[in-house]
Amino acid sequence: MASKLMVSKGNQLIHAGYTLSISEQRVILLCLAKLDSRQKIPNNYEFSISVDDLHNEIGITRENAYRDLRNAVDSLYNRTIKLDPDEPGTERRWLYEKAFFKSDGSVTLFFSPSIIPYISELKKRFTTYRLKDVAKFKCSYSIRFYEVLMQWKDKTELKVEVSWIRGALQLGDKYPRVSDIKKYVVIPAINDINNFSNLTVTFSQVKRGREVTHFVFNYSICGVNDNAAITTTCVENKDKPGGKVWEETKNRLKN
């Protein structure tokens, strides 16, 4: 059964600078999806995630869920985040207490107090989306691009600076050429979004002289909710006739 959980994040968290693996991001998203983001929570709030959560809500096997959960909680404590672009040297931890793994395959997490304002008591400047729309992503960068596009979901085009991509994804010197960012970051992320989410995205480049300075993303939402009609046009944009997405959705239309 597809997950009905919703994720909400403060927009500053979406634009912050950090690096997380896909497994680490899934653990964090599961924590947020279990939370009523409208309510205030204390700094010592316990978040509990289990192997069953990863299996049922993300759709991975129990064996892989156990491995991914253990690996993610072992590394999350050492992960940092840069929340304020005006203070690039200031880093905060995602977790203030190292998570511990229980014999029943569950784990308890405690987010740092500086993270709490961006995940709870959200009344303005936040973004909400369905967990199932990012659950099958394979690239660690895909969720970041998806969240930015969903922040501006009422638009159809978004212009993003290459320098923002480098900073937000903490690429450093990893991909020195823009062509590398395109090949190893942008294209895999957009492929994930087109293959697995409710968005259809294309992109182009903007140059200043010979230098690529921006990526321009054109996008639209397909199937805003589970009861929404799925049009043939939407399906054609997601997949060519004869492809997997086309066949699966065509059968849903018939039924």
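This is a chat about a predicted model of a protein chain.

Student: Hi! How many helices and strands are there in the protein chain?

Tutor: Hello! The chain has nine helices and 11 strands. Keep in mind that the model is predicted.

Student: What share of the residues is buried?

Tutor: Buried residues account for 47% of the 255 residues in the protein chain.

Student: And what about the surface, how much of the accessible area belongs to carbon and sulfur atoms?

Tutor: Those atoms hold 48% of the accessible surface, and that surface comes to about 13,600 Å².

Student: What share of the contacts joins residues at least 24 apart?

Tutor: That share is 63%, taken among contacts between residues at least 6 apart in sequence.

Student: Let's go to the sheets. What is the strand order in the one with β9, β10 and β11?

Tutor: The order is β9-β11-β10, in an open sheet with antiparallel pairing. The edge strands are β9 (157-161) and β10, and each of these pairs on one side only. From one strand to the next, the twist averages 25°.

Student: How many bridges join β9 to β11?

Tutor: Five bridges join them. In one of these pairings, Val-160 has Phe-215 in β11 as its bridge partner.

Student: Which helix packs on that sheet?

Tutor: Helix α7, residues 178-196, packs there and touches β10 and β11. The direction of α7 makes about 160° with that of β10.

Student: Now aromatics! How many aromatic pairs does the structure hold?

Tutor: The structure holds 12 aromatic pairs. One of them is formed by Phe-203 and Phe-217, a tilted pair with 6.2 Å centre to centre and 45° between the planes.

Student: Why does that pair tie together parts that are apart in sequence?

Tutor: Phe-203 lies in strand β10 (residues 199-208) and Phe-217 lies in strand β11 (residues 211-221), so the pair ties together parts that are 14 residues apart in sequence.

Student: Is Phe-217 buried or exposed?

Tutor: Phe-217 is buried, with a relative accessible area of 1%.

Student: Which residues do ring pairs link into a cluster?

Tutor: Phe-145, Phe-203, Phe-215 and Phe-217 are linked into a cluster by ring pairs. Phe-215 is also the bridge partner of Val-160.

Student: What about charges, which residue lies over the face of Tyr-18?

Tutor: Arg-144 does, at 3.8 Å from the ring centre. There is also Lys-155, whose charged end sits over the ring of Trp-152, 5.4 Å from its centre.

Student: Back to Tyr-18. What is its bridge partner in β4?

Tutor: Tyr-18 has Ile-81 as its bridge partner there. Two bridges join β2 to strand β4 (residues 80-82), and these strands run antiparallel.

Student: In what order do the strands of that open sheet come?

Tutor: The order is β2-β4-β5, with antiparallel pairing. At the edges stand β2 (17-18) and β5 (92-93), each with a single partner strand, so one side of each is left without a neighbour in the sheet.

Student: One last topic: where does Phe-101 lie?

Tutor: Phe-101 lies in strand β6, residues 95-101. Not counting residues up to four places away in sequence, Phe-101 touches several residues, including Tyr-66, Leu-69, Arg-70 and Val-73. The C-alpha atoms of Phe-101 and Arg-70 are separated by 7.2 Å, while the two residues are 31 residues apart along the chain.

Terms used:
Residues numbered from 1 in each chain as written. Predicted model: local features only at pLDDT ≥ 70, side-chain atom pairs only at ≥ 80, totals over all residues. Heavy atoms only, no water. Helix = DSSP H or I, 4+ residues; strand = E, 2+ residues; numbered from the N terminus. Buried < 20%, exposed > 50% of the residue type's maximum accessible area, 1.4 Å probe, protein only. Contact = heavy atoms within 4.5 Å. Areas by Shrake-Rupley, 256 points an atom, 1.4 Å probe, with all protein chains shown as cover. Phe/Tyr/Trp six-rings, centres within 6.5 Å; stacked < 30°, edge-to-face > 60°. Lys NZ or Arg CZ within 6 Å of the ring centre and 35° of its normal. Pairing = 2+ DSSP bridges. Axes fitted to C-alpha atoms, helices over the stretch in contact; angles between N-to-C directions.
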